[in-house]
Amino acid sequence: MKALRLEADWEPRPESVATLDEADVANRVARRGNQVWRNPRIAVATLPDPSPQSDEVVIRVRACGICGSDFHFVESDGDGYMLYPGLVRTPVVTGHEFAGIVEAVGPDVRDFAVGDLVCAEEIAWCGDCLACRAGRPNNCTRIEELGFSFDGAHAEYVVTRARYCWSLAPILEAGVPPDRVLQLGALVEPSGVAYVALFVSAGGFMPGSSVGVVGAGPIGLAAIALARAAGAGRIVAFEVRRDLASAMGADQVLDPRALGSDGIGTAARDASRGRGIDLWVEASGAAGVAEPMAASLAPAGRMVLVGRGPHTIDLDPEWLIVRGAGLQGSIGHSGSGTFGHVIDLMAAGRLDMTRIVSSTVDLDGAARLLDGTPRREAGKVLVLP
């Protein structure tokens, strides 16, 4: 099969050597990719077709998104180290936002059959660690990740355990054409990240509440759409590329570059008639935005951090204490029936994420995009292998 394969050189930074786990070194897996992997590159490779183990399914990939993490795999700093800061093993086939058609199943698989349309979670939670047993699979301490630590879906075929798969039948049964079902299916994963942030990590909001979103990449756009579907009274977004945020349901979209030093906070207070924002979503990973967001929280408001970056945050705790407000981090898309809820919203026509698809490419076209050149696409590029 054809696939996009990431390769890099194992050259831990001198200051990181002492922090590496012996097992990780032996398995050539980095918990912090930007501390270990140098000279990253992605190319089209020809690999053996996968076959399923007893509890696995082989899926013919029909659509797979290119995520910001895929770009960060091949972008490098001045010393040649990849920018991606999280878990990654190489060589590995990239791609984790995907949907396809079941091609083969292992003998122990009961819930899926050849021909089923499915998508799958990227997080391969173990189910046995304390975090998983506490109902927090996104914080699994033995986590593996499809497209990061084992082969992903920028390929003609991908194999994963059936326990991570979700049927797209509800969307198909709603009368959506199969090709569009598969594109929607490839967008369940980033939508799930926003769903967990809004409704699990931050605890949701009452209908009529104000919601603010900083950063309208795919996850921020999904947060806007989900907030609209859940009954937000007013949604204000801050994003340089404004058209998609409006299309996904934002009432007001402001370019943060055109605002003053406290522009986000002032604009948020103005948009909420001085009350402040009930629920903030930080999806940009940019420096200098969390502070004015926290300063413009409504009483009992909450701020959830989703975007990741190399910066630190300097918060005055009085902003939270006096308002009885909360600050929460969020990662992942697993647990709480998230994929099923997102799929049902798509089937009901309440969450049309295909509006964020900006272009489609084949594997060779994806390899040209993932050449290490810094790119920040508006919307989502889908790979159609």
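In what order do the three strands of the open sheet with antiparallel pairing lie? Select β3, β1 and β6 in this predicted model; the order across the open sheet is β3-β1-β6, and the pairing is antiparallel. The edge strands are β3 (37-46) and β6 (92-93), each of which pairs on one side only.

Now keep β1 (residues 2-10) and β6 on screen: two bridges join these antiparallel strands.

Move to strand β4 (residues 56-65). Eight of its ten residues are buried, so β4 is largely enclosed by the rest of the structure.

- Strand β7 (residues 98-105) runs antiparallel to β4 and is joined to it by seven bridges. Select V61 and look across to G100 in β7, which stands opposite.
- Strand β11 (residues 157-161) is also antiparallel to β4, with five bridges between them. Select R60 here; its bridge partner in β11 is Y157.
- Strand β20 (residues 380-383) has two bridges to β4, again antiparallel.

**Helix α7**

Next select residues 218-229, helix α7. Its twelve residues reach 16 Å from the first C-alpha to the last, close to the 16 Å expected at 1.5 Å a residue. The buried residues are P218, G220, L221, A222, A223, I224, A225, L226, A227 and A229. Step just past the end of α7 to G231, where phi is positive at about 95°.

**Aromatic pairs**

Display the aromatic side chains. The whole structure holds nine aromatic pairs. Start with W166 and F339: their ring centres are 6.2 Å apart and their planes are at 35°, so this pair is tilted. The pair links distant parts of the chain, since W166 is in strand β12 (residues 165-167) and F339 is in helix α12 (residues 338-347), 173 residues apart. W166 has 27% relative accessibility and so counts as partly exposed, whereas F339, at 1%, counts as buried.

Then select F199 and F205, a tilted pair with 6.1 Å centre to centre and 35° between the planes. F199 counts as partly exposed at 24% relative accessibility; F205 is buried, with a relative accessible area of 13%. To finish with the rings, select F73, Y84 and F148, which ring pairs link into a cluster.

**The second largest pocket**

Last, go to the second largest pocket, with a volume of about 200 Å³. Of its 15 lining residues, select R136, N138, N139, V200 and S201, the closest to the pocket centre. Which elements each supply at least two residues of the lining? They are α6 (188-201) and β18 (326-329). Helix α6 gives the most, with three residues. Colour the lining by residue class to see four nonpolar, ten polar and one charged.

Methods
Residues are numbered from 1 along each chain as its sequence is written. This is a predicted model: local features need pLDDT of at least 70, side-chain atom pairs count only at pLDDT 80 or more; totals for chains, interfaces and linings use all residues. Side-chain values use heavy atoms; hydrogens and water are left out. Helices (H or I, at least four residues) and strands (E, at least two) are DSSP runs, numbered from the N terminus. The expected span of a helix is 1.5 Å times one less than its number of residues. Buried means under 20% relative accessible area, exposed over 50%, partly exposed in between (1.4 Å probe, protein chains only). Two strands pair if DSSP finds at least two bridges between them. On a 1 Å grid over the protein atoms alone, a cavity is a set of points where a 1.4 Å probe fits but cannot get out, and a pocket is an open set with protein on both sides within 12 Å along at least five of seven lines; lining residues have an atom within 4 Å of a point. Grid points are joined across faces, edges and corners, and a volume is the space filled by probe spheres set on the points. Ala, Val, Leu, Ile, Met, Phe, Trp, Tyr, Cys and Pro count as nonpolar, Asp, Glu, Lys and Arg as charged, and the others, Gly among them, as polar. Rings of Phe, Tyr and Trp (its six-membered ring) pair if their centres lie within 6.5 Å; planes under 30 degrees apart count as stacked, over 60 as edge-to-face and the rest as tilted.
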